Amino acid sequence: MLARMQAAGLEGISGYPVEVQTYARQKTPRFSVVGLPDAALREARDRVKAAILSSGFDFPPMELTTNLTPARRRKDEGSAFDLPMALTILAAMDSGLPASCLERVAALGELTLGGETRPVRGALAAAETLAACDPLPEMLLVPSANAEAAAFGCGGRVPVVEVDTLAQAVAILTKKAPATPVEVDVERILAAPAACDALDLREVRGNDAAKQALEVAAAGGHDLLFIGPPGAGKTMLARRLPGLLPPLRLEEVLEVSRVHAIASGVDPERANSLVRRRPFRAPHHTASYASLVGGGSFPRPGEISLAHKGVLFLDELPEFSPRSLEALREPLEERRITVARSRGSMTFPAEFQLVAAMNPCPCGYLGVHSAGRSLRCKCPPLAAERYQQRISGPLLDRIDLVARLQPVPPALLQAPPGPDESYTSEAVARRVGQARAIQRERAGRLNARLDARALRRTLALTPAAKQVLLRAGEQSLLSGRGLAKVQRVARTLADLDGQAKVDREHVARAVHLRAGERRAA
Ligand SMILES: [Zn+2]
């Protein structure tokens with residue numbers, strides 16, 4: 001007898017429909033599976049057989065052929081087919097489950113040898129695929145830990161039913177147990193308080209200019225470089241950037257969750273929770289190229305993609321390998337990253353905001369002042385220059401904002417936050433939200449993403465502002481590219497002020513923010 005049901009395969013972060021078919025006949029007992037990689041196949045066969053037997057079902061001696069079509073497509077998550085394989089086998093062998101009960105039913109889930117279901121990776125993408133199938137499945141059976149992500153992916157089009165065991169799935173399909181669809185309250189889930197909200201800008205003392213640079217970066221989507229001595233608070237500031245950005249929209253939650261669900265090193269149990277807040281990823285400079293970029297025989301996204309829609313923080317930027325720094329170019333330009341693999345390549349999204357940090361020189365104290373005194377740089381001559389040159393021009397070209405930090409005096413660190421409330425994360429986030437709304441309305445994108453033409457159209461300089469810009473150019477403070485960056489940042493400063501025109505003070509402040517870079521030398 002033949003039994004079939006719907007399932008979904010996963011390739012990278014997207015899913016594709018798979019039909020699981022099992023044919024059983026009275027012949028020499030044999031169990032073959034077509035359509036899984038060899039290693040996954042043997043394991044799946046053993047798991048499924050054990051799960052069926054320990055669930056109390058018969059496994060009569062028959063010839064069984066299970067086919068996962070399309071057979072030729074690679075199945076990155078083989079174990080997700082355990083449950084549909086077991087169900088079609090039971091139906092094909094006529095072991096207590098009529099094949100008609102599987103019609104227009106979809107299932108995904110791994111099985112333990114004892115017959116319990118275990119969560120799989122990529123349930124969200126798999127569910128999205130099934131909810132786009134024609135004909136639509138009438139029901140999707142998933143392990144409990146996958147239920148929320150699957151229900152999100154189905155978007156109400158396919159009822160999602162959670163099953164803890166193979167036996168329970170059979171009971172539901174034969175109507176011996178009720179099928180209660182999982183309800184997800186999208187509004188409630190999105191409104192749940194995010195842990196990063198707990199990090200407030202108010203706790204960061206001193207370095208007001210750097211805080212302002214962070215606000216401008218958040219408002220215009222500008223990539224940012226902090227230069228300062230160790231302990232000046234670069235990491236503290238960077239960690240607070242996600243809290244200044246608008247909350248993720250529903251589509252963004254789904255997009256980010258899809259990427260995180262298949263990241264390597266993520267336990268499937270945890271891979272199923274939806275990512276509701278903007279990611280903050282801070283890979284160490286010793287991190288391998290593959291862990292940054294992604295890769296592997298089943299390509300997984302790396303840190304660069306895990307920062308999608310959030311913040312990628314690279315502390316001690318010059319210490320990263322030249323190959324890793326070079327790898328940042330594609331995502332900074334294209335907002336995605338291509339991972340090479342043996343068979344063709346795979347693309348992962350990588351739309352992050354970059355915050356980089358570095359010491360001004362190897363010892364960390366060049367140009368640093370404390371309590372009104374200049375600290376002594378102990379580096380040999382030219383060491384600082386060589387250190388800064390490790391960062392390639394093309395990478396620096398992408399960074400619109402450079403902020404210098406100074407050590408915070410101990411007295412200020414010990415004093416309680418003052419009455420100045422303007423630099424709470426909440427207040428900054430509100431200003432950032434308003435400035436972003438203006439940019440969306442005007443150009444449909446953030447100022448950092450304006451190309452030369454769009455920039456000319458939106459700039460609207462006052463005559464006085466033009467003068468300031470001209471003078472900066474004459475004093476050769478700005479290269480051609482530097483000029484465009486100053487214009488973009490000035491545009492953001494004007495948007496933060498709610499002004500349609502960019503005035504001289506906006507340009508002057510933007511020039512000042514660029515100047516941080518040169519003064520490092
Ligand atoms: Zn030094």
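The chain holds 22 helices and 20 strands, where helices (H or I, at least four residues) and strands (E, at least two) are DSSP runs numbered from the N terminus. The model is a predicted one, in which local features need pLDDT of at least 70 and side-chain atom pairs count only at pLDDT 80 or more, while totals for chains, interfaces and linings use all residues. Residues are numbered from 1 along each chain as its sequence is written, and side-chain values use heavy atoms, with hydrogens and water left out.

Taken along the principal axes, the C-alpha atoms of the chain fill a box of roughly 90 × 50 × 45 Å. Of its 521 residues, 53% count as buried, a term that means under 20% relative accessible area, with exposed meaning over 50% and partly exposed in between (1.4 Å probe, protein chains only). Among contacts (heavy atoms within 4.5 Å) between residues at least 6 apart in sequence, 75% join residues at least 24 apart.

A place to look at in detail is the zinc ion, which is coordinated by the SG atoms of Cys361, Cys363, Cys377 and Cys379 at 2.1 to 2.5 Å. Donors are N, O and S atoms within 2.8 Å of the metal (3.2 Å for Na, K and Ca), and because water is not among the atoms, sites may look incomplete. The angles among the four donor atoms run from 105 to 114°, and the site is tetrahedral, a label given to four donors if all angles lie between 85 and 135 degrees. Along the chain, the donors follow the spacing C-x1-C-x13-C-x1-C. Cys361 counts as buried because its relative accessibility is 0%, whereas Cys363, at 24%, counts as partly exposed.

We turn next to a pair of helices. Two packed helices are described by the angle between their axes and the distance between the axes. Helix α3 (residues 123-130) and helix α4 (residues 147-154) pack at an angle of about 35°, with axes 7 Å apart; axes here are lines fitted to C-alpha atoms, for helices over the stretch in contact, and angles run from 0 to 180 degrees between N-to-C directions. From α3, the residues that make the contact are Ala123, Leu124, Ala127 and Glu128, and from α4 they are Ala149, Ala150, Phe152, Gly153 and Cys154.

Helix α4 is largely enclosed by the rest of the structure, because seven of its eight residues are buried. These buried residues are Ala147, Ala149, Ala150, Ala151, Phe152, Gly153 and Cys154, and they pack against α3, β8 (139-142), β9 (160-162), α6 (186-191) and α9 (250-261). Just after α4, Gly155 takes a positive phi of about 55°.

The loops hold some backbone details as well. The peptide bond from Thr69 to Pro70 is cis, with omega near 0°, and Pro70 is found in the loop between β4 (63-69) and α2 (82-92). Another cis peptide bond joins Asp134 and Pro135, with omega about 5°, and Pro135 has its place in the loop between α3 and β8.

Asp94, a residue other than glycine, has a positive phi near 60°; Asp94 lies in the loop between α2 and β5 (105-107) and is exposed, with a relative accessible area of 53%. Glu316, although not a glycine, has a positive phi of about 55°; Glu316 is placed in the loop between β14 (311-314) and α13 (322-327), and at 31% relative accessibility Glu316 counts as partly exposed.

How values were computed. Tetrahedral: all angles 85-135°; square planar, octahedral: opposite > 155°, others 65-115°.
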